[in-house]
Amino acid sequence: MSETLFKEVRYTLGGLVNGISLGQIGLPDIQRPFVWSNAKVRDLFDSMYRGYPVGFFLFWETGADGVETKVIGDTNKQKTPSLLIVDGQQRLTSLYAVIRREAVLRENFEREHIRIAFRPQNGTFAVPDATTERDPEYILDVSQVFRTDTFEFVSEYLERLRSHREVSKDEERLIAKAIGRLAKLTDYPFIALELSQQCTEEQVADVFVRINSEGKKLNQSDFILTLMSVFWDEGRTELETFCRAARQPGPAGQASPFNAIFQPDPDHLLRVDVGVAFRRARLEHVYSLLRGKDLSTGESSPEKRANQFGKLRDAQSRVLNLTYWADFLNVVRAAGYRSAKHISSVNALVFAYQLYLLGRTEYGVEGFKLKNAIARWLFMSLLTGRFTSSPESRMEQDLAELRDMSSAEQFLARLAMVESATLTDDYWTKTLPLDLASSAGRSPALFGFYAAQTLLDARALFSSMKVVDLLDPPAQGQKKSLERHHLFPRQYLKGKGVESVRDINQIANYALVEWDDNIAISDAPPSQYWPKYAERFDPETLAAMMGWHALPQDWWTLSYEDFLVARRPLIADVIRQGYAKLSGGA
């Protein structure tokens with residue numbers, strides 16, 4: 001039997017917390033940086049309170065020499081960490097944060113304190129809400145129990161409870177016992193497996209991946225972020241910082257990735273990184289490359305790993321370039337998409353940004369041609385759901401086609417070929433109308449219709465204002481500037497015997513109108529409200545409006561089913577006109 005690379009060590013929770021507080025136990029940040037939800041932390045405390053096992057920890061005994069680490073919490077530590085948390089970060093960070101009342105990082109990249117409530121009368125834990133806030137029987141933050149003398153805390157709790165109701169001696173003893181049991185959770189036993197300091201950083205990363213792949217805790221992007229944290233920690237930090245800034249407005253007058261269209265997660269930009277660096281989309285291949293593995297021979301070496309990380313660094317410098325980022329977002333707007341709400345596939349944005357960067361920085365495509373080509377590609381890929389099903393396989397195939405290309409002309413020709421092979425006459429006249437026979441609220445076809453109306457400079461129905469201005473208003477009140485209006489109102493249809501939500505909420509029954517018109521029309525039948533609103537416009541303007549909104553001739557006189565059948569091909573044609581506008585058509 002070969003010699004093991006770990007040993008078993010027993011700890012108490014209090015010992016672990018003190019070790020973190022003193023800095024003896026540190027965090028190399030080789031996992032996802034976000035802690036659990038409050039509900040999951042509540043369940044963890046509940047399990048421990050009941051005496052249930054809650055898992056083990058995996059540490060790395062480094063000897064504290066030459067390893068850059070991060071430590072949990074905001075306070076200054078007294079020692080250089082000699083143990084680094086490899087597995088169990090979420091549990092241990094959550095426990096430490098509650099017991100020492102340290103702020104933690106949330107998925108929105110903001111810091112907050114975890115609050116867990118406890119009811120001594122029946123030993124239940126809860127996430128504080130309006131009910132627990134009003135209930136004097138709840139301790140609203142168990143952190144207080146661990147930060148105060150137990151006898152003193154019990155006395156204060158009983159005094160507060162007596163101010164609301166009578167408390168019997170038996171209940172006093174029960175409460176004191178429950179709070180005492182909670183306070184003694186610092187004696188809860190844990191087992192840690194400590195990896196030897198002889199383990200290399202690569203071995204530590206390998207152990208982490210092997211452990212977590214068994215439990216399906218991480219996906220391939222997490223594995224690569226793991227490697228980045230071990231071998232290029234500042235690169236992962238850059239990704240996370242960029243994503244945080246994309247969600248929050250920056251200081252006035254300063255360049256920032258903040259926007260309302262694409263607010264990526266680190267793994268989204270990681271995919272852009274590896275697509276630009278390696279022309280790869282299958283992250284399992286990229287993980288092997290970054291480990292220094294030759295995909296043809298299967299051999300690994302530190303030199304290859306350093307070379308591959310060099311490529312990743314170069315790619316990421318372009319991915320996070322604010323000039324390129326802002327230019328790409330303008331391309332998305334130019335494709336007719338003005339809001340993240342109307343992006344049906346983030347993967348389509350990820351791949352379009354890859355193509356934009358490759359075209360600009362690898363193939364030398366002239367800016368005007370590149371932006372026009374990427375806008376058309378994005379419109380096509382969002383409309384058809386190109387990256388909705390098996391996105392990795394599709395991206396890998398598309399990237400593979402670019403590996404042997406060397407010129408701007410070849411690059412542009414490849415994109416145009418895919419578009420023409422996808423958006424055939426049969427697609428416009430048969431496939432797309434069938435896609436529109438749906439009530440899906442986030443249909444790519446519906447959002448393509450909105451994008452086309454934006455591109456065609458269409459006005460909202462019954463309005464003098466343009467769809468684009470109402471979709472992207474300067475301010476948003478309690479009502480949306482633009483609302484989806486049922487051309488055949490819901491209650492009117494129910495009166496005609498159409499009861500199914502799917503039938504009522506058909507895409508072809510919707511039109512974009514201003515909110516006050518939507519309210520005014522209410523449940524009136526189209527034969528009643530259409531003549532009234534048509535009087536607002538001259539015949540030429542009204543005809544243009546009917547065209548923008550794909551309304552059949554004399555549509556208000558049709559039966560509901562005949563109306564839907566007649567309108568779907570007209571919507572498809574409006575979408576086709578929008579794409580033609582992108583392609584240089586009238």
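This is a predicted model: local features need pLDDT of at least 70, side-chain atom pairs count only at pLDDT 80 or more; totals for chains, interfaces and linings use all residues.

Reader: Ok, which way do β1 and β9 pair, parallel or antiparallel?

Author: Antiparallel: β1, residues 6-12, and β9, residues 189-195, are joined by seven bridges. Within that pairing, Val-9 stands opposite Ala-192 of β9.

Reader: And how many bridges join β3 to β9?

Author: Four, and β3 (residues 57-61) runs parallel to β9. There, Trp-60 sits opposite Leu-195 in β9.

Reader: Switching to α26. Which residues are buried there?

Author: In α26, which spans residues 539-548, the buried ones are Thr-541, Leu-542, Met-545 and Met-546. Seen down the axis of α26, those buried residues fall within an arc of 140°, so they line one face of the helix.

Reader: Why would that spacing put residues on one face?

Author: An α-helix makes a turn every 3.6 residues, so residues three or four places apart point the same way.

Reader: What covers the buried residues of α26?

Author: The cover includes α25, residues 526-534. On the other side of α26, Pro-539 and Glu-540 are exposed.

Reader: What caps the N-terminal end of α26?

Author: Asp-538 does, with a side-chain oxygen 3.1 Å from the backbone nitrogen of Glu-540.

Reader: Last one: which residue just after α26 has a positive phi?

Author: That's Ala-550, with a phi of about 55°.

Definitions and conventions: Residues are numbered from 1 along each chain as its sequence is written. Side-chain values use heavy atoms; hydrogens and water are left out. Two strands pair if DSSP finds at least two bridges between them. Helices (H or I, at least four residues) and strands (E, at least two) are DSSP runs, numbered from the N terminus. Buried means under 20% relative accessible area, exposed over 50%, partly exposed in between (1.4 Å probe, protein chains only). The arc is that of the directions from the helix axis to the C-beta atoms. Contact means heavy atoms within 4.5 Å. A polar contact is a pair of N or O atoms within 3.5 Å; within protein, one must be able to donate a hydrogen and the other to accept it, and residues adjacent in sequence count only if both atoms are side-chain atoms.
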